[in-house]
Amino acid sequence: MGAWGIEVWENDVAADLFATVMEKVDTQFILDLAKSILKADDRYDEARAIAYIIATLGKHYIWPIEEFESLESIKLQLITYLEGMLDENSEFMEVWENDEEICLQIRREIQSLKKD
């Protein structure tokens, strides 16, 4: 077994398993859904949910390599969207009354998107 890191996907056996699973996942649907959500200014909960899915599956050795460039573009757009939610004058923060816990959680979600 070849391993190049400690993450669950950083070895040959796991990478092969993820490839098998991801063959059954409609990754284009996920990307298209993210694009649709990102077009609106007020789909905060959906943006967070799709960001979670993409942060979880959108890693090297999991996400199909031929779609990785599109994935990276969507990640950057999601990061921008989530950062906009954190603006103290945003509708999202108004609803949450500038709650510090939600700010910390959104920041964690942004960091998760930035990880590979």
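## Exercises on charge and burial

Glu94 has its place in helix H5 (residues 91-95), where helices (H or I, at least four residues) and strands (E, at least two) are DSSP runs numbered from the N terminus. Before you start, please note that this is a predicted model, in which local features need pLDDT of at least 70 and side-chain atom pairs count only at pLDDT 80 or more, while totals for chains, interfaces and linings use all residues. Residues are numbered from 1 along each chain as its sequence is written, and side-chain values use heavy atoms, with hydrogens and water left out.

**Exercise 1. Describe the secondary structure and the span of the chain.**

Step 1: Count the elements; there are six helices and zero strands.

Step 2: Read them from the N terminus on, and the order is α-α-α-α-α-α.

Step 3: Turn to the C-alpha trace, which spans about 50 × 30 × 20 Å along its principal axes.

**Exercise 2. Find the salt bridges and say how exposed their partners are.**

Step 1: Glu46 pairs with Arg43, with the closest N and O atoms 2.8 Å apart. Glu46 is partly exposed at 36%, and Arg43 is partly exposed at 22%.

Step 2: Lys75 pairs with Glu72 at 3.5 Å between the closest N and O atoms. Because these two are three residues apart in helix H4 (residues 68-85), about one helical turn separates them. Lys75 is buried at 3%, whereas Glu72 is partly exposed at 31%.

Step 3: Arg107 pairs with Glu100, and here the closest N and O atoms are 3.4 Å apart. Both are partly exposed: Arg107 at 40% and Glu100 at 46%.

**Exercise 3. Tally the charges and locate a patch of negative charge.**

Step 1: Count Lys and Arg as positive and Asp and Glu as negative, leaving out His and the chain ends. That gives 11 positive and 26 negative side chains.

Step 2: Place each charge at NZ of Lys, CZ of Arg, CG of Asp or CD of Glu. The centres of the two sets then lie 2 Å apart.

Step 3: Join like charges within 9 Å, using residues with over 30% relative accessible area and no salt bridge. Asp41, Asp42, Glu91 and Glu94 come together as a negative patch on the surface.

Step 4: Check one member: Glu94 counts as exposed because its relative accessibility is 61%.

**Exercise 4. Compare the sequence and space separations of Asp12 and Gly2.**

Step 1: Locate Asp12 in helix H1 (residues 12-22); at 38% relative accessibility, Asp12 counts as partly exposed.

Step 2: Asp12 and Gly2 are 10 residues apart in sequence, and their C-alpha atoms are 5.4 Å apart in space.

Technical notes:
Patches are made of residues with over 30% relative accessible area and no salt bridge: like charges are joined within 9 Å, nonpolar side chains (Val, Leu, Ile, Met, Phe, Trp, Tyr) within 5 Å. Accessible areas come from the Shrake-Rupley method with a 1.4 Å probe; for residues, only the protein chains shown count as cover. A salt bridge is a side-chain nitrogen of Lys or Arg within 4 Å of a carboxyl oxygen of Asp or Glu. Buried means under 20% relative accessible area, exposed over 50%, partly exposed in between (1.4 Å probe, protein chains only).
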